[in-house]
Amino acid sequence: MTAVEQHNFGLHCREVSHWFGDNKVLFDLNLKVDAGQFVALVGPSGCGKSTLLRAILGTDLPQEGEILTLQNGRLANADRPGRDRGIVYQKYSLYPFLTALDNVALGLKLDQTTTMFRWFNWSGWAKKQKEFRDRAAVFLDKVGLGQAMHLYPSQMSGGMQQRVAIAQALIMEPEIILLDEPFGALDEATREELQEMLLQFYEENKEAMAEGKKPPYTLIIVTHELNEAIRVGDRLVGLSQYWDWKVDGHQRSPGATVVYDKPAPVFRSDERPDYEMFADIRHEIRQVVYNPEVLQQRDEHVNLSPTR
Amino acid sequence: MLLLLVGYTWVSHRQHQVNPDDTTIPSWSQMYKGVEKFIQPDQKEERWIVEDSIATGRRLFFGLGLGVVFGFTIGMMMGCITPIEAFLQPPISLLAKVPQTAALAVYFVFFGTGMEMYVAMIAFGIIPALAVTVYLAIKDLPSEMLDKAYTLGASHFEVATEVVFKQVLPKFIDAVRLAIGPAIVFLIAAEMVVGDVGFGYRIRLQFKLTNMNVVYPYLVMLAFFGFALDYCLRFLQAKLCPWYQRDSK
Ligand SMILES: Nc1ncnc2c1ncn2[C@@H]1O[C@H](COP(=O)(O)OP(=O)(O)OP(=O)(O)O)[C@@H](O)[C@H]1O
Ligand SMILES: [Mg+2]
């Protein structure tokens with residue numbers, strides 16, 4: 001792998017298939033994510049979005065195919081959860097026994113110091129801890145929680161908790177961050193605030209790229225809201241079991257695969273999109289991804305040409 | 001509490017009108033004499049209260065200490081290390097069901113009647129329950145929490161110390177609070193049977209002499225002692241785990 005390729009690499013799922021007994025879930029799924037991309041993943045309920053994320057995370061390995069990430073500068077199989085991939089859940093998003101600040105600083109601590117160091121080099125650890133907390137504090141400020149640093153998760157609202165959870169994952173700058181319906185339990189107004197927050201990080205990506213650096217944040221966000229997908233993602237990926245598998249000679253549905261993959265409009269974080277303008281995108285996705293009646297070739301709406 | 005005192009006074013007063021020499025429900029002045037008896041030095045220049053407190057306290061302290069350390073360690077190992085789980089889970093679950101007072105005889109046989117016996121009895125008595133509590137609390141942790149720790153760069157050992165340990169600690173303290181009651185029961189029972197000093201021994205002896213004016217204050221002191229220990233643990237829990245709220249899951 002050349003340095004240029006490394007610079008752009010985010011994630012590569014190759015020919016991934018997965019099933020639970022008779023239940024075929026994922027079929028021959030290919031997905032390549034570039035560094036800096038915000039991929040919005042949509043699909044009918046039960047099509048296997050969470051299954052795919054768990055496969056990428058390495059907790060539920062795919063039956064076939066491979067999932068590659070950059071681990072310590074080398075391409076490697078994502079066969080167990082590791083520091084190169086971050087995760088934001090909808091539930092269990094934070095450690096209840098840590099304050100917001102320590103939740104965000106936790107990754108720095110686990111990644112950059114060892115147990116031996118913390119237990120036996122007290123003064124060194126005290127200094128490091130302060131440094132980590134300072135960095136976490138800056139990050140929390142950035143996500144608008146400067147005032148809430150010393151609260152425990154149980155003392156925070158759902159929206160605040162998700163902000164902290166996102167900060168906790170992002171501060172590590174992993175190769176890719178997986179978000180499984182992170183705003184699913186939040187009300188509309190809070191959702192929008194959090195979407196804006198994510199877009200601020202997208203802007204940091206653009207700045208980094210303008211300076212020729214590797215963009216720090218790459219993510220896949222699963223959502224049920226098409227408008228959210230359009231707003232947050234710079235790329236829309238539709239996963240669906242509704243495609244014309246009969247032409248491939250299958251007797252029954254072999255599972256869901258990528259049936260839609262196109263660039264999405266990009267917005268500034270302070271810009272509230274006029275969703276009216278995207279009725280045709282939504283319509284297309286509803287037909288191609290969600291409609292069991294509409295069965296098309298699976299690559300008909302997959303635009304693999306470079307997105308930028 | 002006040003009602004209890006007033007009620008007692010009344011009952012004991014009635015009893016003494018019937019029989020002035022009654023010692024089963026001693027009057028307050030008799031009670032005072034009883035208290036004097038165990039606070040003042042006896043013929044051997046020993047104060048019962050001091051002797052008994054030291055004996056019982058030491059037995060309980062070492063028994064509980066050993067039980068807490070081993071119970072927690074075994075529970076953590078069962079929860080975190082799969083081969084150990086497979087190996088220990090059946091026997092520990094079974095041991096947790098053996099009534100400790102019934103097993104007293106076994107301890108006498110193996111450990112004699114000295115300090116070791118009391119310590120072993122208390123420790124073995126509480127280890128299964130504590131270990132099972134820790135083990136179940138670990139199994140109860142959502143796997144998402146552990147997986148996330150790995151994504152944040154934790155090693156297996158760090159998942160155990162930084163996530164599992166901290167999450168389980170308050171539940172463990174709760175379990176220790178619950179175990180103190182049984183531990184005192186085992187100890188007093190054993191002291192009653194084979195002790196030559198200690199709260200259990202004193203209570204049995206004085207009860208045989210129907211010196212209830214000694215027995216009652218001893219019982220009150222025992223209750224008070226258990227209460228104080230419980231309070232300390234609750235304080236410790238609040239200090240170590242300020243995030244912990246029992247009502248929320
Ligand atoms: N651990 C499991 N064991 C057996 N079947 C499973 C397991 N996890 C998921 N499945 C099955 O895999 C399929 C896909 O589930 P998954 O949770 O990935 O869907 P999803 O796209 O995330 O749905 P939703 O949008 O509702 O979250 C479902 O049919 C589900 O029943
Ligand atoms: Mg899901």
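This short talk walks through a ligand site, a helix pair and a few single residues.

First, some ground rules. This is a predicted model, where local features need pLDDT of at least 70 and side-chain atom pairs count only at pLDDT 80 or more, while totals for chains, interfaces and linings use all residues. Residues are numbered from 1 along each chain as its sequence is written, chains are lettered from A and ligands numbered from 1 in the order in which they are written, and side-chain values use heavy atoms, with hydrogens and water left out.

Let's start with ligand 1. Which residues come nearest to ligand 1? There are 13 residues around the ligand, and A:Ser45, A:Gly46, A:Lys49, A:Ser50 and A:Thr51 come nearest. Being near here means that one heavy atom of the residue lies within 4 Å. The shell divides into three nonpolar, seven polar and three charged residues. In this scheme Ala, Val, Leu, Ile, Met, Phe, Trp, Tyr, Cys and Pro are nonpolar, Asp, Glu, Lys and Arg are charged, and the others, Gly among them, are polar.

Which elements supply the shell? β2 (23-34) and α2 (49-57) of chain A each supply at least two residues. α2(A) gives the most, with four residues. Helices (H or I, at least four residues) and strands (E, at least two) are DSSP runs, numbered from the N terminus.

Now the oxygen atoms of ligand 1. One is 2.6 Å from an N or O atom in the side chain of A:Ser45. At A:Gly48, a polar backbone atom is 2.9 Å from a ligand oxygen. For the side chain of A:Glu181, the distance from an N or O atom to a ligand oxygen is 3.3 Å. Taken alone, ligand 1 exposes 640 Å², and the protein buries 61% of that (areas by the Shrake-Rupley method, 1.4 Å probe).

Next, chain B. Helix α3 (residues 48-80) and helix α10 (residues 212-240) of chain B pack at about 35 degrees, with axes 13 Å apart. Axes are lines fitted to C-alpha atoms over the stretch in contact, and angles run from 0 to 180 degrees between N-to-C directions. From α3(B), the contact uses B:Trp48, B:Ile49, B:Asp52, B:Leu60 and B:Leu64. From α10(B) come B:Tyr218, B:Met221, B:Phe225 and B:Leu229. Contact means heavy atoms within 4.5 Å. Those residues divide into eight nonpolar, no polar and one charged.

Most residues other than glycine have a negative phi. A:Asp28, in strand β2 of chain A, has a positive phi near 45 degrees. A:Asn72 sits in the loop between β4 (64-71) and β5 (74-77) of chain A. The phi of A:Asn72 is also positive, about 55 degrees.

Definitions and conventions:
Polar contact = N/O pair within 3.5 Å; in protein donor to acceptor, adjacent residues only side chain to side chain.
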